[in-house]
Amino acid sequence: MALLTALVAFLYHLPQVYKWLLKPYYIASLFMSVAFLAVRKTPGICDHLPTQREDGNACDFDWREVEILMFLSAIVMMKNRRAITVEQHVGNIILFSKVANVMLFFRLDIRMGLLYLTLCIVSLMTCKPPLYMGPEYIKYFSDKTIDDELVRDSRVTWLVEFFANWSPECQSFASVYADLSLKYNCPGLKFGKVDIGRYGEVSKKYRVSASPLSKQLPSLVLFQGGKEVMRRPQVDKKGRAVSWSFTEENILREFNLNELYQKSKKLNKTKGDKISQSQFPPVPEEDETEQQGAEAPESESKKDK
C-alpha cells in the first residue's frame with residue numbers, strides 16, 4: 001500500500017518534475033551525480049581503472065564502494081524525512097550524491113578526484129538553482145522600505161520571511177510561502193519578504209544571521225503594529241537557532257494563521273461598512289415615506305382653504 005501511494009504521488013508530480021529536469025541546473029547536477037557510476041560501468045573506460053575486487057573485474061563496484069553508496073542511501077533517507085517539498089527531496093539526493101562522488105573519485109585516483117572537485121566548484125559558481133517564479137501575494141522589502149511599511153497601519157499584521165537567494169532551504173520554502181500568501185493574504189494580513197543576503201543592515205537590526213553556517217534561514221517573523229510578536233525558528237540565549245520544520249501545517253499552527261485571517265476579514269468588513277455609511281445618506285423606511293405622502297395632500301388642502 002505504501003509503495004502504491006508513493007507511485008501515485010510520483011505520477012501526480014511527474015509533469016512538474018519533468019519541467020525541473022529540463023532546467024540547466026538539474027541537467028548539470030544529474031550528470032554530476034551519476035559521474036562515478038558512468039565511469040565505473042562504461043566499457044572501454046572501466047577496463048583501465050584500478051579495482052580491489054578479488055576477481056579483478058574493474059567494471060563492477062568493490063566492497064568499499066558498495067559500503068560508501070549504502071551509507072549515502074541511508075543519509076539521503078534520513079535527510080528526506082524532514083523534506084517538505086519535491087525540490088528538497090531532489091536537492092538532498094543531488095547534494096549527497098556529489099559528496100559520495102568526491103569520496104569515490106579520490107579513492108580511485110587523486111587526479112580524478114581533483115578534476116571532479118574542480119567541476120563541482122565551477123558548476124556551483126556558474127549554474128544556480130532555479131528560483132520560484134509562480135503566483136504569490138508577497139511584497140518584497142528593501143532596507144529603506146521595511147521599517148516604514150511595518151508601521152504604516154497599526155491594524156495590519158505582517159508575516160515577513162527573512163531569506164537569502166543562495167540558501168537551498170530558502171529556495172525550497174519559496175513555493176510553500178507563496179501558497180500561504182495566496183490562501184491567507186487580505187488587507188488586514190499581509191505577507192512580505194526581505195533578502196538579508198543583499199541587505200546586511202536589515203540582518204543586523206532584526207537579529208537574523210546571514211552566515212552560510214547559520215540555521216536561521218529562512219526565518220519567519222510576525223509583526224503586529226510594527227512590533228515583533230513571534231518568530232520561527234526561535235533563537236536561544238547563546239544565539240543558536242532551535243531546529244524547526246517549515247511545513248505548512250507547522251506555520252498554520254504556530255502563527256495561528258486561520259484565526260488571524262478570520263479577525264482580519266471581520267476588521268475589514270467593519271471598516272467597509274463605516275465607509276459606506278458615511279458616504280451615502282440613510283434610506284428612509286417605507287412607513288416614513290407613506291406618512292410624508294399622506295401629509296402632503298392635507299397641507300395642500302389647507303392652503304386652498
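This is a predicted model: local features need pLDDT of at least 70, side-chain atom pairs count only at pLDDT 80 or more; totals for chains, interfaces and linings use all residues.
A salt bridge is a side-chain nitrogen of Lys or Arg within 4 Å of a carboxyl oxygen of Asp or Glu. Lys-183 and Asp-179 meet this rule, because their closest N and O atoms are 3.2 Å apart.

## Overview

The protein has 305 residues, and 34% of them count as buried. Its secondary structure comes to 12 helices and 5 strands. The accessible surface is about 20100 Å². Carbon and sulfur atoms make up 60% of that surface. Now take the contacts with a separation of 6 or more: 63% of them join residues 24 or more positions apart.

## Salt bridges

How many salt bridges does a search of the whole structure find? The count is 18. Three of these pairs are worth a look.

| Pair | Closest N to O distance |
|---|---|
| Lys-183 and Asp-179 | 3.2 Å |
| Lys-183 and Glu-248 | 2.9 Å |

Is Glu-65 buried or exposed? Glu-65 is buried, with a relative accessible area of 1%. Arg-107 is partly exposed, at 29%.

Next comes Lys-183, which has two salt-bridge partners here: Asp-179 and Glu-248. Lys-183 and Asp-179 both lie in helix H8. They are 4 residues apart, about one turn of the helix. Both are partly exposed: Lys-183 has 41% relative accessibility, and Asp-179 has 28%.

The second partner gives another kind of link. Lys-183 forms a salt bridge with Glu-248. That pair links distant parts of the chain, from helix H8 to helix H10 (residues 248-255), 65 residues apart. Glu-248 is partly exposed too, with 21% relative accessibility. Elsewhere, salt bridges that share partners join Arg-40, Asp-62, Glu-65 and Arg-107 into one network.

## The disulfide

A disulfide is a covalent bond between the sulfur atoms of two cysteines. How many disulfides does the count come to? The count is 1. Cys-46 and Cys-59 form it, with their sulfur atoms 1.8 Å apart. The link is right-handed, with 75 degrees about the S-S bond. Both cysteines lie in the loop between helix H3 (35-41) and H4, so the pair ties together parts that are 13 residues apart in sequence. Cys-46 is buried, with a relative accessible area of 0%.

Cys-170 has a relative accessible area of 4%, and Cys-186 has 8%.

Where is Gln-171 found? Gln-171 is in helix H8, which covers residues 168-184. Its relative accessible area is 18%, so Gln-171 counts as buried. Leaving aside neighbours within four places in sequence, Gln-171 is in contact with Pro-129, Leu-131, Asn-165 and Trp-166.

Tyr-199 has its place in a loop, between strand S3 (189-195) and helix H9 (200-205). Why does Tyr-199 count as buried? Its relative accessible area is 16%, and buried means under 20%. Which residues does Tyr-199 touch, not counting those up to four places away in sequence? They are Phe-141, Ser-142, Asp-143 and Val-194. Tyr-199 and Ala-164 are 35 residues apart in sequence. In space, their C-alpha atoms are 9.7 Å apart.

## A nonpolar patch and the annotated spans

Leu-117, Ile-121, Leu-124 and Met-125 make a nonpolar surface patch of about 420 Å². Met-125 lies in helix H6 (residues 110-126). Met-125 is exposed, with a relative accessible area of 62%.

The unreviewed UniProt entry annotates residues 25-43 and 113-132 as "transmembrane region". What does the model show for these spans? Residues 25-43 are 84% helix and 0% strand. Their end C-alpha atoms lie 28 Å apart. Residues 113-132 are 70% helix and 0% strand. For that span, the end C-alpha atoms lie 33 Å apart.

Note on methods. Residues are numbered from 1 along each chain as its sequence is written. Side-chain values use heavy atoms; hydrogens and water are left out. Patches are made of residues with over 30% relative accessible area and no salt bridge: like charges are joined within 9 Å, nonpolar side chains (Val, Leu, Ile, Met, Phe, Trp, Tyr) within 5 Å. Accessible areas come from the Shrake-Rupley method with a 1.4 Å probe; for residues, only the protein chains shown count as cover. Helices (H or I, at least four residues) and strands (E, at least two) are DSSP runs, numbered from the N terminus. Buried means under 20% relative accessible area, exposed over 50%, partly exposed in between (1.4 Å probe, protein chains only). Contact means heavy atoms within 4.5 Å. UniProt positions are given in the numbering used here, feature names are shortened, and annotations may be inferred rather than shown by experiment. A disulfide is a pair of cysteine sulfur atoms within 2.5 Å.
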